[in-house]
Structures are given as structure tokens and as C-alpha cells.
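Please examine the sequence and the structure shown below.

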Amino acid sequence: MLAPDPPGGRFDGLVHLFPVRVYFEDTDLSGVVYHANYLRWFERARSDMLRVLGIEQRAAHDAGEGAYAVTELALRYLRPAKLDDAVFVASRVIEVTPATCRIVQQAYRGETLLCSAEVRVAFVAPNGRPRRQPAAWVAAFQTVLNQEGLSPA
């Protein structure tokens, strides 16, 4: 039997959309999504956005080139998600420098914004020191760089 590939999301214009289903394990005793699970969803969405762009993080790590590290993170919780909700994470690249990338991520249930994050990741060498990210990665980010503002999809 051939298992299907896991969902990787897709781009709609400059915005990467990543679907999430809220499972029991995502919730706390009050029945709403535990706050730290938004971070997991955002991380998965970012990783899949990179994969869709052709950025091979594992290959860079395995070759000893380096990896991304989160250097800044700001979150704002607006509404709760609950068990069985269909949620999607919208991710937009808003800034690219030779060594960093800044991304805005928003979790929605339908049209309702649940949580918003702004994340800066830096490319770091195996010794933890900042270094330039591969030129092909910068070029890939440039194809989806949202220079028009932070409006949702």
C-alpha cells in the first residue's frame, strides 16, 4: 500500500496556506487550543512553506552548511480555537536579508483571525554563528516577498 504524502500547503499568490485540524491533544482542560500549540502550527507551516519554495533545510544541515534559528518572535492571541475546528495558517515573507528572513503568520478559523505572529529566523553555521543563507534560498524568498504590507490573503 502506498501512503499519501502529508499535506504541505500551497501558495495563493504571495501567501502560503497550511491546513490544520484541532485534535483533542491540542486542547487544554478548558477545551480550547493550548497556547503553545500555535507555535507548533506556525513552525510546521514555515517548514512546509520552505519545502514548497524548494528550500532544502535538511540537505543544508546534513552538508554542514547550517540551519535556521528563530531569533525573534512576537505573538498575539485574539480568539480561541476549539476541538475539531478547521484552521489554516497564512504565512507571508515580509523581509529578506543576506542572513535573515522575517515572516508574518496568522492562524484563521474561516474569516476569524485567532492568533498572529511575527517571526525572524537567521541562518546560522553549525557553530551557531550567523552566516549568509544560500543565494538560491534568498532568490526563492524574493519570488514571494510581500512588499505591499501585511494584509491577509
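## The sheet and its helices

S4 and S5 form a hairpin, with three residues between them. Helices (H or I, at least four residues) and strands (E, at least two) are DSSP runs, numbered from the N terminus, and two strands pair if DSSP finds at least two bridges between them.

This is a predicted model, in which local features need pLDDT of at least 70, side-chain atom pairs count only at pLDDT 80 or more, and totals for chains, interfaces and linings use all residues. Residues are numbered from 1 along each chain as its sequence is written, and side-chain values use heavy atoms, without hydrogens and water.

The open sheet consists of six strands in the order S1-S2-S4-S5-S6-S3, with antiparallel pairing. Strands S1 (10-12) and S3 (67-77) stand at the edges with a single partner strand each, so one side of each is left without a neighbour in the sheet.

| Strands | Bridges | Opposite residues |
|---|---|---|
| S1 and S2 | three | Asp12 and Val15 |
| S4 and S5 | eight | Val96 and Cys101 |

S4 is mostly covered, since eight of its 11 residues are buried (under 20% relative accessible area, with a 1.4 Å probe and protein chains only).

Helix H3 (residues 135-142) packs on the sheet and touches S3, S4, S5 and S6; contact means heavy atoms within 4.5 Å. The direction of H3 makes about 115 degrees with that of S4. Such angles run from 0 to 180 degrees between N-to-C directions, and axes are lines fitted to C-alpha atoms, for helices over the stretch in contact.

How values were computed: Buried < 20%, exposed > 50% of the residue type's maximum accessible area, 1.4 Å probe, protein only.
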